[in-house]
Amino acid sequence: MPPIELRIASAKYFLGFAGGLVASWAAMQSAVAQAPSTASRVAYDSVAAPAARQPLVLGAYAQGSFILNHTRAISHLVASHPTGFELNAQRQTTGAAAWHGWYKYPKVGLALVYYDYHNPTLGQSYAATLYISKPFVRTRRHDLSFRLGTGLAWFTNPFDLQANRKNTIVSSALNATMQLRLEYDYALSPHLGVLVGVALNHYSNGATTKPNFGINLPSVVLGLNYHQQRPAPTVPYLAPTPADVGRNFLLLSTSLGYKQLELGTYTKYAVSSATVAAGRRVSRKSNLLVGVEGFYDRSLLAAQKDTARNQEALVDVKKAGIFLGHELLFGRLAFGAYLGFYVYNPYKSNSFFYERLGLKYQFTDVLFGAVDLKVHGGTADVIEFKVGAKLARRP
């Protein structure tokens, strides 16, 4: 064989040998990378199943509050100091679901809250709130955590144009409520703890009825907790990263809400929307989204018809926007925060941007439902009830 051909053949041989080594090394690295994931999944599954027992925590708290004077329209109602009482039942998560460990084993619970506003114009309120309490510090004797909850409230004496027109804070008996609380529990004994906290309780009907200034109650909380088991046992392994992290998906949804046009009228107008969004799960806890959506608010059309001289030349009240969003994931439940900007807005009834806060629940791998509060510059616009579909490739 001529020398030049020998060198070419040798080069091909060594290149092939080197390529084989590289391919073998890559395959080995892939196997090594997959082994811990498989091992961690098996290890987690083996301990998560018997961790289903979640100790019960029962609480009873007193609350002292004041009404935040956030607008001049409610200034005549802020002199009183409401007092409240709360009963709650919580479950201390232990790792039966994957998200428990990712959030450092929070408590989930139901709170029943009563408030007396010590003002005949406002009366009393009764609320039921579902919440999650995430710990910052947790030891055998100390538990510092942050609570976030939402639910429904009933007010005994809402606004009435004839009978109670001074109540500009609460315009309907049924309201939504949101609860934020920083709380510290100190163990007096293995089963009894004293709790102190600072909180903000918010009540509003989301502009479904006017006036809708809402009520904000900064509060001090003091009470006792009964712990069935403290500290609660937790699984020794965190669940491995979900298979859909780093994967994209598509959301299609539509919503319906209603709102009152103005004070003194009882007609409710439908508000609808349609949304298309692209999303990506970027971590165990988070989705990021970008999307487009259209809105049709029939109350704006009614308002325009009431004031326009030429009924044949009405401005289009339909709107279109683009938005960015973030979803914080708790298993099938997600808390979403979104910021949008109108790109089509001929009828200038609001600012050029909007915000939305909401809760979404994934009933199946495809079907989901959500309740969103749409806001313009801090002022509630409408509560949206949403249904939709999530389209994604199977991991």
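Me: Is Phe341 buried, exposed or partly exposed?
Reply: This is a predicted model, in which local features need pLDDT of at least 70, side-chain atom pairs count only at pLDDT 80 or more, and totals for chains, interfaces and linings use all residues. Residues are numbered from 1 along each chain as its sequence is written, and side-chain values use heavy atoms, without hydrogens and water. Buried means under 20% relative accessible area, exposed over 50%, and partly exposed in between (1.4 Å probe, protein chains only). Because its relative accessible area is 30%, Phe341 is partly exposed.

Me: In which strand is the place of Phe341?
Reply: Strands are DSSP runs of at least two residues (E), numbered from the N terminus. The place of Phe341 is in strand E13.

Me: What is the relative accessible area of Ala128?
Reply: Ala128 has its place in strand E4, residues 124–138. Ala128 is partly exposed, and its relative accessible area is 34%.

Me: What separates the C-alpha atoms of Ala128 and Ala176?
Reply: The two residues are 48 residues apart along the chain. Their C-alpha atoms are separated by 9.7 Å.

Me: Which residue in E2 is the bridge partner of Gly64?
Reply: Strands E1 (residues 56–65) and E2 (residues 83–92) pair in the antiparallel sense over 9 bridges; pairing requires that DSSP find at least two bridges between two strands. The bridge partner of Gly64 in E2 is Thr83.

Me: Which residue in E8 is the bridge partner of Ala60?
Reply: E1 also pairs with strand E8 (residues 215–227), in the antiparallel sense over 9 bridges. In E8, Ala60 has as its bridge partner Leu224.

Methods:
Helix = DSSP H or I, 4+ residues; strand = E, 2+ residues; numbered from the N terminus.
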